[in-house]
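Reader: Could you show me how to read the way copies of a chain are arranged and how chains meet?
Author: Let us look at the model together, and then take one feature at a time.

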Number of protein chains: 4
Amino acid sequence: MIIVMKPNSKEEQTKEVCNVLESLGLGVHISKGKQVTIIGVIGDKTVLNDVPIELMPGVEKLVPIIESYKLASKTFKPESSVVDVDGVKIGGKEIIVMAGPCAIESKEQLFEAAEAVKKAGAQFLRGGAYKPRTSPYSFQGLEEEGLKYMAEAKARTGLKIVTEVISHKSIEVAEKYVDMFQIGARNMQNFYLLREVGKSKKPVLLKRGLSATIEEWLNAAEYIMSEGNYNVVLCERGIRTFETATRNTLDISAIPVIKSKTHLPVIADPSHATGKWEFVLPLSRAAIAAGADGLMIEVHPNPRCALSDGPQSLTPEKFNELCNSINQIAALLDREYKIHKH
Amino acid sequence: MIIVMKPNSKEEQTKEVCNVLESLGLGVHISKGKQVTIIGVIGDKTVLNDVPIELMPGVEKLVPIIESYKLASKTFKPESSVVDVDGVKIGGKEIIVMAGPCAIESKEQLFEAAEAVKKAGAQFLRGGAYKPRTSPYSFQGLEEEGLKYMAEAKARTGLKIVTEVISHKSIEVAEKYVDMFQIGARNMQNFYLLREVGKSKKPVLLKRGLSATIEEWLNAAEYIMSEGNYNVVLCERGIRTFETATRNTLDISAIPVIKSKTHLPVIADPSHATGKWEFVLPLSRAAIAAGADGLMIEVHPNPRCALSDGPQSLTPEKFNELCNSINQIAALLDREYKIHKH
Amino acid sequence: MIIVMKPNSKEEQTKEVCNVLESLGLGVHISKGKQVTIIGVIGDKTVLNDVPIELMPGVEKLVPIIESYKLASKTFKPESSVVDVDGVKIGGKEIIVMAGPCAIESKEQLFEAAEAVKKAGAQFLRGGAYKPRTSPYSFQGLEEEGLKYMAEAKARTGLKIVTEVISHKSIEVAEKYVDMFQIGARNMQNFYLLREVGKSKKPVLLKRGLSATIEEWLNAAEYIMSEGNYNVVLCERGIRTFETATRNTLDISAIPVIKSKTHLPVIADPSHATGKWEFVLPLSRAAIAAGADGLMIEVHPNPRCALSDGPQSLTPEKFNELCNSINQIAALLDREYKIHKH
Amino acid sequence: MIIVMKPNSKEEQTKEVCNVLESLGLGVHISKGKQVTIIGVIGDKTVLNDVPIELMPGVEKLVPIIESYKLASKTFKPESSVVDVDGVKIGGKEIIVMAGPCAIESKEQLFEAAEAVKKAGAQFLRGGAYKPRTSPYSFQGLEEEGLKYMAEAKARTGLKIVTEVISHKSIEVAEKYVDMFQIGARNMQNFYLLREVGKSKKPVLLKRGLSATIEEWLNAAEYIMSEGNYNVVLCERGIRTFETATRNTLDISAIPVIKSKTHLPVIADPSHATGKWEFVLPLSRAAIAAGADGLMIEVHPNPRCALSDGPQSLTPEKFNELCNSINQIAALLDREYKIHKH
């Protein structure tokens, strides 16, 4: 951390700041410029997290130098992490596809979707049993009943199961049925929930908040990891911008940036980001071309009848086309997507 | 709601859409323009919440006409609501000030702050016992012990007590000690938490999410109200923009907009929004001048020693000056702030 | 400026960077932390503007410490500047109000508006002769004819005249008729135009770009000042955010921030920011309460017939009410707005 | 266009609005819902551009249904346009790459870059002679001298030449030397400049403004086209978001959206968007995978010595690698990039 003193600060003020730092066990390094003096702080800066140095007389501002997360940082662990979800490895050579309906509506709908996505080569079935909806008057999910269908779908197809959890209660219930918890965008900074899934051993898919910076996103991962659960996979799902042509803006540019900062795997969700099925194929290609480790795609056997987010769902046919295309790009990048040949 | 058909859509496609709408009990009104046909939908549109009309052949887009919230809407209840918190009325003629430290650190710190803010005329003591912090390594709050200090501070000063809750557990504990629950910006769309405070009878201070639109914010209020708790007060606390000179951008412009859309009271929190104490006074004045019903201000007996957010805290002296200034502006607007004369 | 080296950089890389800096005549100050080494750079950093130090091996990033503008900076000139526009002083004790129609439509419309705003106490008549419109099919302004009406309106009322210029040609023409040039938001980084008005001696009203940071805005002022024209007044007119309830978000929070960084006067334009007349009064009050030196307000004798931006225009009656209200707030802040008593 | 009346508006107010519309030659279609009445407007709505219907009593808001641009719209011209630049076709099957230094610094630098990009297969040489820089103290370009080097580089390599113009003067000068004008992001809404290049016959590369919506971008294209110059190519170059890890956020998601709205070709510029060379390769791949017609890439023979934007420049070797990779993805998408085999 660097402390920048005000242009008109006095030497004794600089000294006082240094005294405080040294009393906290930190080293200091003073550098006097023509206009301003700066103080380099050496040592474990976490002791400064709760000491408002900015308020000391003569101090202009603090400039952090090192990221605030540790366990999630590439500095801490330079080699890429591979997260194992009941035998399926995320972050390795293979491209992972999680697909299924936004909301679980019925056993039939889920099984039909499961078979279709399995056939196209997906490794995971996604499906919402607890749906966080903007309006309290929209369909809120089948809850435990939906999770039972998920477990049954797994038994039939061998697909791994991922579902969103929204509270301690839903964690308790979901723990029995699913392979991976999902933390939704709106809960990315629900620190209580992050700690709760951190206490579990199950892998966690952590979606990026709508206006979260990459640093905040990695700090959210840090919350989970700091409780002992290192099995975190990040999911870029669109950020909020001024643009109104799509629901959100899928931040594909964040994918290589994330890869430069953390060892955790990252996948992309173009369905939620755009809200329109016709953009899902080109953006899926783009995400993989940018280096994503996988995709989360909404697939519904009959999108026109979907109870939630139909407009962004692919039909099984379109999804199959998407998988074929991804497969080809993966091969170019020396990755692979194990598509099933029929 | 209006359904816009594609420029090249066919007449039978328009008919099919109308058939679906009518089968749901809705009225339709077709209007053929030179380039496009539009369908006006008449009746209770909530039946459409989960039917993806956008996906029907020939449909270009849906244009909502009426806001998605009801209980929070001014159309539903045109006259302003006054929320009574243990005798203090928010949303009436009087300007309400909630003040105190960001985090409760010790009994002494809290009592000192309480007496100072009481003396300057505040009606509420704020103080965080459960602190949602970006990094898991920052101070997370004194929890129940902090709430006990709050209750004691109330007993000594008569100030009403408001504190943030972050989980069902913290609601259970806080229910015994405080007069008003606060939902923080990061939890504005934690719908589970919103429902939980909605089941309580205690008034709720609902902060705006960092990138929440006004419509989403009012839908969050709707979640609380739909459970039967109508005692909701909104709090504008800064939105995320591209600007880096301040932590966030206090959206003062939202205050009159909110007043035009909802009957609920709204206050402003310039301390968190800017992150710098020197901007708190001018922005407090501005918020009141724009029509806010009150303010939430961070005050710390000794900001330089604060364990959390010191740089945005006012000293008791500065806070007293702020209260005097607000008092004068309130008088101009035919409102009043009952400042204590000494 | 500080140069942060990568965690795994080598000592010789740090040395090489220092060699380059020293060869450019700069001093260096090395500070070795536990994880990273940083280099403080001492001397005139403008020599580094075009040398990509970031690319040298081992360099992580550059952290600027001092703002990039000089003439506009409060460090350079701590006392507030007062800009004299043909005898009217902006930035002094008096609150300045510029008012009039968005576009000049006819002699009658302009004269009627001029008399109304004069009567309410405005010191400036604003009116667009060259209108930058989003669509090429919208009304683009009366050009020189409109400017002639402006000059005539000045002769009749004594109001000072401010109008937007959009090209070297319009500068040449407007120079003959107006007292102050306005640079519109969309041209804030039209550096060619900034230099052109910088070569003139006429005062310049510089609107903030829709997504300009405060630093970029002050650098735009610097462009004008670097040509010798120090008579720059800033105008906050709303920034682009994700919110769709208003056209833009008036960044009232920027007003005290600007005041802390520059000596230049700053006014606010709530009419363009919100696009809705009903929010103009509360936001005008808020801007003055936050410390703005004045306002720019759209007034049209008959807003319903306006050829441009009618919905955001006040009637003369509403404008009169606004001036009265501003007058009262100005008095509280120990400023004054010389309203005419009738 | 749809006009939404207020919930409590009166029938005679609806009638009055209809009278005004009909007096302007427009058809109306009234649709009465349970809560609100809406009026569908039929006919050429451009007559409404300058009539503030929003201000009529009882009117709540106007909802545009059809985009405001025409010539640029896919509704107007459904088949994709191919822009011919001195024989090179943009928007056809071939992927186009424009490459070269950000700023032209010397004859040697430019020629070296030109030969390198030619060898890797680029069809265009880019290079800035007029540089719009945020600070007036940064290098501003070699102006006409630079353009002469460009023309000479074309003579030596056969590469087409594209350069940014910033004023009527630079257009006049550049017209003699270059094949294509570039309008920079900061001038996207410099409508005067747009009209000036519209009067020319030379193709125009129109960069997206930092916070421009897609609709505004296409309206900027409309300005050029409305003057008779239909040879417009769009260039996505990053938008401004809250994220600070990269300079801007390359909006790859906009590429398929643009393709759904306009027939004009679109390319991407990952160099300026990210500001960091290490992200240029993955994002170039992503842009092509998303459907872009080409790329603009900064290449400098010696990035470490670049006078402008060195950190985002590729070395010729890295650029060659990029071209190879793009070539492979282009083939997958049934497009081609004519890389030169050596």
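**Copies and contacts**

Author: Chain C can be laid on chain A by a turn of 180° and a shift of 0.0 Å along the axis, with an RMSD of 0.0 Å, where the superposition is by least squares on the C-alpha atoms of residues with pLDDT of at least 70 in both copies. The two copies are thus related as by a two-fold rotation axis. This is a predicted model, in which local features need pLDDT of at least 70 and side-chain atom pairs count only at pLDDT 80 or more, while totals for chains, interfaces and linings use all residues. Residues are numbered from 1 along each chain as its sequence is written, and chains are lettered from A and ligands numbered from 1 in the order in which they are written.

Reader: Which residue of chain C comes closest to the rotation axis?

Author: Two copies of a chain are related by a rotation about an axis and a shift along it. Here Phe242(C) is the residue of chain C that comes closest to that axis, with its C-alpha at 2.2 Å.

Reader: How many residues of chain C are in contact with chain D?

Author: Two residues are in contact if their C-beta atoms, placed from the backbone, lie within 7 Å. By that rule, 39 residues of chain C are in contact with 39 residues of chain D.

Reader: What does chain A contain in helices and strands?

Author: Helices (H or I, at least four residues) and strands (E, at least two) are DSSP runs, numbered from the N terminus. Chain A has ten helices and 14 strands, and its C-alpha atoms fill a box of roughly 75 × 45 × 40 Å, taken along the principal axes.
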